[in-house]
Amino acid sequence: MRVVILCPYRLRTGGPEACHQLSDALITQGMAAEMWYLDTQDINYLLSMMRRGIHITDIDLDLEERKNDIPEYACYQTRPFLRAKAGERLIYVLPEVYVSLLPIFTGLPSFVWWLSVDNAFQALSSININFLRAPWVKHVTQSFYAAEFVKTLGLSSEMLTDYTVVPSFETDSISDRPLRVAVNAGQKVIVDLTMLELFLRNIFPDLEFVQIRGMKRHEVFQTFSTSRLFIDLGSFPGRDRMAREAALLGANVIVARAGSAARHDDFPIPDCYRIAPHDIEKVAILGAHMLQFPELHSPQFESFRQKCREERVKFFGEVLQIFGPMGVLSLR
């Protein structure tokens, strides 16, 4: 049976990469997967169909071919979704940001993939929640944090995670790295990073304080591989990738006690490395010790690093269980 994955077009974030990983895992394991790349115009068209009471199975679909043009996703196998005949039964996978489109897939086996809790609220506000409870809709979650959220809606779910990809190259031991800290400075971070920098520079005047924002991917990886510490005080609406990437590239990490990062089952690191995101002074005190004695903290992250290394095998197993022969039979 054909699996069609809805994916934002030309968007470089963790969610679309997870969609490409799902496509690759399905194709690698002998299943038929196709990517339906959607832009804003497409979404508006589908919403207009929904308002007119038209379902996907009511019409023939003949779509313009769109190919992935994001270099970081070129390593994943994809096939474009081009056509479907009226009445044809396909399996559709909708990231939570598209949950408002569920009505047009009425009666078709559909998966809502909860990759980010934060992205769901706007979509949920525009749909009758009972569509999520329909017998043809199943729910899969990228994090235990998302699974708990789905449970509050009275829904059951299965885990469908993702995996971390970093380049394979030799990195310096953490004690040989320069006095450098990398800090997430993206939109999910709303705390005063200037204050954090001032705290740390008061202790280490020669500190390199590198804000991760607007960098190319290879620049981010290079920064992680040469930093003693990575600090991410974002909202963690799912199992965000950067903390995992930094750990795999040898850096120690501090994460916000927020969202998915507050949970040991999503981020299996000692609790002392999770700090309330607005407690900048506490972050700075711990960060200073980790910068001065990185070799003392590094072993505390070895279990986390090993779990990150095992993510791909785990993900492929989840895909097989959910979309393989026995999983497809359960959709009938």
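These legends describe close-up views of a predicted model.

**View 1. Helix 6 meets helix 7.**
Helix 6 covers residues 217-225, and helix 7 covers residues 241-248. Their axes come within 8 Å and cross at roughly 50 degrees. That angle makes helix 6 oblique to helix 7. The crossing of the two is right-handed. Helix 6 brings R217, F221 and F224 to the contact. Helix 7 brings M242, E245 and A246. Sorted by class, the contact has 4 nonpolar and 2 charged residues, and no polar ones.

**View 2. Helix 7 meets helix 10.**
Helix 7 also packs with helix 10, and here the axes come within 9 Å. They cross at roughly 110 degrees. Angles of 65 to 115 degrees count as roughly perpendicular. Helix 7 and helix 10 are therefore roughly perpendicular to each other. On the helix 7 side, look for A243, R244, A247 and L248. On the helix 10 side, look for F304, R305, C308 and R309. This contact divides into 5 nonpolar and 3 charged residues, with no polar ones.

**View 3. Helix 1 meets helix 11.**
Helix 1 runs over residues 14-28, and helix 11 over residues 311-323. Their axes are 10 Å apart, and the packing angle is about 70 degrees. That makes helix 1 roughly perpendicular to helix 11. The crossing is right-handed. Helix 1 supplies Q21, L22, D24, A25, L26 and T28. Helix 11 supplies R312, F315, F316, V319 and F323. By class, the residues of this contact are 7 nonpolar, 2 polar and 2 charged.

The largest nonpolar core has 47 residues. Which of them have the most contacts inside it? They are V181, L196, L200, F224, F230 and I231. Helix 8, residues 280-292, gives the most to this core, with 7 residues. Another core lies apart from the largest one. This other core has 37 residues, including L6, A84, W114 and L132.

**View 4. The surroundings of L200.**
L200 is one of the residues with the most contacts inside the largest core. Set aside its neighbours within four places in sequence. L200 is then in contact with V181, L207, F209, A284, G287, A288 and L291. V181 is also listed among the residues with the most contacts inside the core.

**View 5. Two residues with a positive phi.**
Most residues other than glycine have a negative phi. R10 is not a glycine, yet it has a positive phi of about 60 degrees. R10 sits in the loop between strand 1 and helix 1. F236 is another residue other than glycine with a positive phi, near 50 degrees. F236 sits in the loop between strand 11 (229-232) and helix 7. Is F236 buried or exposed? F236 is buried, because its relative accessible area is 0%. R10 is exposed, because its relative accessible area is 56%.

**View 6. R2 and its contacts.**
R2 lies in the segment before strand 1 (3-8). Its relative accessibility is 22%, so R2 counts as partly exposed. Leave out its neighbours within four places in sequence. R2 then contacts A32, E34, F81, R83, E88, L90 and I91. R2 and N184 are 182 residues apart along the chain. Their C-alpha atoms are separated by 38 Å.

**View 7. H55 in its loop.**
H55 belongs to the loop between helix 2 (40-51) and strand 3 (61-62). With 28% relative accessibility, H55 counts as partly exposed. Which residues does H55 contact, leaving aside its neighbours within four places in sequence? They are M49, P103, I104 and T106. H55 and R2 are 53 residues apart in sequence. From C-alpha to C-alpha, H55 and R2 are 18 Å apart.

**View 8. Q306 in helix 10.**
Q306 has its place in helix 10, residues 302-309. With a relative accessibility of 35%, Q306 counts as partly exposed. How many residues separate Q306 and T164 in sequence? They are 142 residues apart in sequence. In space, Q306 and T164 are 11 Å apart, C-alpha to C-alpha.

Terms used. Residues are numbered from 1 along each chain as its sequence is written. This is a predicted model: local features need pLDDT of at least 70, side-chain atom pairs count only at pLDDT 80 or more; totals for chains, interfaces and linings use all residues. Side-chain values use heavy atoms; hydrogens and water are left out. Axes are lines fitted to C-alpha atoms, for helices over the stretch in contact, and angles run from 0 to 180 degrees between N-to-C directions. Helices (H or I, at least four residues) and strands (E, at least two) are DSSP runs, numbered from the N terminus. Angles under 35 degrees count as roughly parallel, over 145 as roughly antiparallel, 65 to 115 as roughly perpendicular and the rest as oblique. A crossing is left-handed if the near helix is turned anticlockwise from the far one by less than a right angle, and right-handed if clockwise. Contact means heavy atoms within 4.5 Å. Ala, Val, Leu, Ile, Met, Phe, Trp, Tyr, Cys and Pro count as nonpolar, Asp, Glu, Lys and Arg as charged, and the others, Gly among them, as polar. A nonpolar core is a set of buried Ala, Val, Leu, Ile, Met, Phe, Trp, Tyr and Cys residues joined through side-chain atoms within 4.5 Å. Buried means under 20% relative accessible area, exposed over 50%, partly exposed in between (1.4 Å probe, protein chains only).
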